[in-house]
Amino acid sequence: MTKRHGYALLAAVLAVIVVISAAIYLGVSGTDGGSKDTVNAGPRGPRNSAAPASSGTWVGSWSASPAGSEPGTAQKGFAGRSIRNVVHTSVGGTSARITLSNLYGTTPLSITHASIALATATNDPAAAPGSLRRLTFNGNTSVVIPPGAQVMSDAARLRVPHDADLLVTTYSPTPSGPVTYHPHARQISYVAEGDRTEDQSGDAYTEQSPFWRYLSAVDVLSNETNGTVVVFGDSITDGISSTMGANRRWTDVLADRLRDESGAPRYGVVNQGISGNRILSDGRGSPAANPSGLSRFDRDVLDRTGVKAVVIALGVNDILRNPHQNDPARIVEGLRELTRQAHTRGLRVVGATLMPFGGHRGYEPALEAVRQSVNEQIRSGEVFDDYVDFDKALRDAYDPRKLRSLYDSGDHLHPSDAGYRRMAEAFDLAHLKGSAAAEL
């Protein structure tokens with residue numbers, strides 16, 4: 001080979017290398033750009049955004065405890081209909097994942113399509129443009145949830161704001177039996193005929209619902225939040241008397257304070273209140289509707305994502321509901337057992353005194369004595385790591401057996417919006433810091 005021919009061959013090889021390098025560069029650049037913004041979540045469908053999680057901490061942003069099976073759903077469930085749950089975030093993140101529950105189902109629940117999106121506006125079933133994401137489960141767009149089980153979705157890449165409404169939509173084409181639900185949402189959700197999971201518009205969602213169905217948790221991947229506080233309680237924690245759709249439960253105000261106040265622990269807040277819940281007694285059925293605090297503590301507290309602390313606000317229903325629990329020692333021992341269970345996971349526990357119910361239809365002087373005895377032991381410091389004195393914060397100074405009128409919703413048991421705000425304001429955020437006490 002002549003020298004001239006050798007130079008020509010070398011030039012050709014170099015040209016091929018340049019072309020290949022350029023192709024690789026353009027291919028990588030095109031892939032990166034496409035993964036960010038090229039597929040829009042408009043009417044043509046959402047981005048399939050399941051992706052490996054980036055850096056951050058998974059924390060709970062919202063949750064609701066399964067409380068029973070929805071009446072009237074035993075035969076067909078919601079076959080052939082789309083359920084669009086509206087939930088409110090306590091903290092934001094860069095990705096989200098959901099948990100669906102078939103706890104009270106008697107047959108397998110087939111979910112063939114699910115999505116998550118930001119709501120366009122408060123109390124609106126329409127998805128914000130560009131925010132609709134198709135959810136997957138172990139890489140599949142469909143999942144079958146056995147009776148009594150739950151499933152967590154893959155992470156969906158979505159920038160979730162704090163203090164915002166999310167739309168979580170599921171579609172099941174076949175009868176599923178009893179629907180697992182949370183009855184006192186204080187939030188309107190929506191239902192549509194057919195598979196409208198990927199609809200950005202809310203036009204098809206003509207049926208309103210006061211329930212949350214199947215959905216039991218939303219977690220977010222956060223760079224600003226490092227844990228979750230679980231609030232474990234009854235109808236007062238559930239916010240049963242708060243303004244519908246306004247997010248004025250006391251836990252909502254607590255979430256605002258944890259986000260906004262300097263020096264506060266950066267925790268998401270999840271509300272695990274069930275109306276009518278008691279520490280010691282289960283409801284009827286198997287599994288029990290409205291299970292006792294002792295029986296649901298693992299599921300609703302210890303199994304939540306990123307839990308650092310728990311607030312326990314239970315006991316009033318043990319006293320007020322039939323059969324009345326007239327032995328304060330049994331109630332206190334139940335509270336201590338919950339604290340012990342939390343301590344096995346290193347969780348800090350803040351308890352709440354029981355608020356007044358004078359004037360309520362169930363009031364009796366003997367029951368008031370039980371409440372006072374339980375509160376005395378809580379204040380002794382031998383039940384929880386710390387406590388918040390809701391009784392002192394909301395009672396009437398002239399008649400401590402009753403709620404102050406400003407804080408009373410009118411039934412003499414549940415707080416008004418002002419009462420819920422006062423509860424959150426009375427909470428010392430420093431009590432959530434640190435680890436569990438070694439022994440109580």
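User: Let's start with Q272. Is Q272 buried or exposed?
Analyst: Q272 is buried, with a relative accessible area of 1%. Buried means under 20% relative accessible area, exposed over 50%, and partly exposed in between, with a 1.4 Å probe and protein chains only. Bear in mind that this is a predicted model: local features need pLDDT of at least 70 and side-chain atom pairs pLDDT 80 or more, while totals for chains, interfaces and linings use all residues. Residues are numbered from 1 along each chain as its sequence is written, and side-chain values use heavy atoms, leaving out hydrogens and water.

User: OK, which strand is Q272 in, and what does Q272 touch?
Analyst: Q272 sits in strand β19. Leaving aside residues up to four places away in sequence, Q272 touches S63, A64, S65, V230, V231, F232, G233, R296, D300 and R304. Contact here means heavy atoms within 4.5 Å. Strands are DSSP runs of E, at least two residues, and helices are runs of H or I, at least four, numbered from the N terminus.

User: And how far is Q272 from G233?
Analyst: They are 39 residues apart in sequence and 6.4 Å apart in space, C-alpha to C-alpha.

User: What's the strand order in the sheet with β19?
Analyst: The order is β19-β18-β20-β21-β22, an open sheet of 5 strands with parallel pairing. β19 (267-273) and β22 (386-388) are the edge strands, each with a single partner, so one side of each has no neighbour in the sheet. Two strands pair if DSSP finds at least two bridges between them.

User: How many bridges join β21 and β22?
Analyst: β21 (residues 348-352) and β22 pair in the parallel sense over 3 bridges. V350 stands opposite D386 in β22.

User: Switching to helices. How much of α4 is buried?
Analyst: 7 of the 10 residues of α4 (residues 293-302) are buried, so the helix is largely enclosed by the rest of the structure. Those buried residues pack against β18 (227-233), β19, β20 (307-313) and α6 (328-343).

User: Which residues of α9 are buried?
Analyst: In α9 (residues 417-426), D417, G419, Y420, M423 and A424 are buried. They cover an arc of only 165 degrees around the axis, which puts them on the same side of α9. The arc is that of the directions from the helix axis to the C-beta atoms.

User: What covers them?
Analyst: The cover includes α2 (235-238), α3 (250-260) and α8 (390-394). In α3, W250, V253, L254 and R257 meet Y420, R421, M423, A424 and E425 of α9.
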